[in-house]
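Biologist: I would like to learn how to read strand pairing and chain contacts in a model. Can you take me through one?

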Amino acid sequence: MSDPDRLDIEMSGGCQCGAVRFHASALMANPHICHCRMCQKATGQLMVAAVGVREEHLVWTRGAPTIFMSSDYAERGFCPHCGTTLSFHFKGARHWAMAMGAFDEPWRIPIHFQIGTEGRHPALADLNGIRDAGTTEAADPAGAERIRLSSHQHPDHDTEFWP
Amino acid sequence: MSEPTAFSGGCQCGAVRFCAHDLNDDAHICHCRMCQKAVANAFISLVSVDTDRLEWTRGAATEFFSSAKTARGFCARCGTPLYMRDTDGTKVFLTIGAFDEPDRVPPRRQVGNEGRRAWFASLHALPGNATTEEAWPEGAAAIKASNRQHPDHDTEFWPPEGRIE
């Protein structure tokens with residue numbers, strides 16, 4: 001029987017450098033963005049995009065995040081080597097909210113709702129309407145190639161050895 | 001009186017703080033897969049400051065080189081991504097959410113559009129308009145009571161005595 005609280009999406013993910021990797025065998029049906037000021041400042045971004053993974057569906061397959069306790073309740077995980085934001089966990093909770101961009105194929109994850117709207121950045125009202133400066137390849141082919149040739153980003157799939 | 005041109009900011013825990021004495025008019029978001037993965041978000045938000053207009057007022061970021069000439073700075077203690085810079089460049093691109101008043105820095109341009117999320121166009125229209133206080137008053141109060149986030153202004157001392165074990 002299908003579980004309305006579950007998304008049948010199985011996916012690995014991890015930080016930019018690949019020192020911390022995880023595998024989720026299923027996601028919770030709560031992909032969302034949070035605008036609250038704590039999520040903004042924790043990540044340096046306009047908002048956080050996250051999706052829950054139940055503890056029984058989550059395995060850290062390489063390394064482990066470093067935890068900063070942003071309050072007595074909230075553990076925020078990041079890679080100590082490259083700084084990628086990875087996770088948010090309420091102490092004692094049976095699931096982790098995982099940062100969506102850390103997944104290897106984030107385009108497969110939908111988005112369902114928004115929270116923490118007291119902190120919503122005014123630009124979010126029409127972010128899609130700001131000037132479109134094209135793709136990386138089209139805007140700066142030489143730069144894109146230079147970055148590609150020396151990229152230290154972990155590939156978007158599991159690896160046996162890295163780096 | 002004109003709008004102040006200096007912008008302070010820093011990481012969540014306050015171990016690393018900066019002051020941008022003025023900003024370049026290039027606030028933008030980038031959807032590229034490297035920026036996405038670096039901050040594990042749908043896109044990154046950045047604005048640049050000339051190196052000689054940027055002052056690190058407390059601590060220093062740790063850098064990861066995501067490619068040969070691109071360094072990405074973050075706080076080693078709490079993980080907040082703070083900037084990216086080209087080692088040949090004369091500018092530092094600060095993350096907009098790390099500013100104390102990010103609302104003063106509206107992105108005007110989007111780049112790296114090959115990586116744009118399909119749902120990006122409908123971000124503004126997502127269901128849910130509740131604030132944290134409305135949606136979860138008891139949780140919001142409990143978090144507020146033990147909040148370890150640096151306040152959104154410069155402080156003489158941090159953390160306050162006894163706050164961080």
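**A sheet across two chains**

Modeller: A:Asp132 has B:Gln110 as its bridge partner in β10(B). This is a predicted model, where local features need pLDDT of at least 70, side-chain atom pairs count only at pLDDT 80 or more, and totals for chains, interfaces and linings use all residues. Residues are numbered from 1 along each chain as its sequence is written, with chains lettered from A and ligands numbered from 1 in the order in which they are written.

Biologist: How many bridges join β13(A) to β10(B)?

Modeller: Strands of a sheet pair through backbone hydrogen bonds, either parallel or antiparallel. Here two bridges join the strands, which run parallel. Pairing requires at least two bridges found by DSSP. Strands are DSSP runs of E, at least two residues; helices are H or I, at least four; both are numbered from the N terminus.

Biologist: Which strand of chain B do three bridges join to β10 (residues 109-111)?

Modeller: β3 (residues 28-30) of chain B, running parallel to β10. B:Cys30 has B:Val111 as its bridge partner there.

Biologist: In what order do the eight strands of the open sheet stand?

Modeller: β13(A)-β10(B)-β3(B)-β4(B)-β9(B)-β8(B)-β7(B)-β6(B), with mixed pairing. β13 (131-132) of chain A and β6 (62-67) of chain B are the edges; each has a single partner strand, so one side of each lacks a neighbour in the sheet.

Biologist: What does B:Ala76 contact, leaving aside neighbours within four places in sequence?

Modeller: A contact puts two C-beta atoms, placed from the backbone, within 7 Å. B:Ala76 contacts A:Pro80 and B:Thr62. B:Ala76 lies in the loop between β7 (70-74) and β8 (81-86) of chain B.
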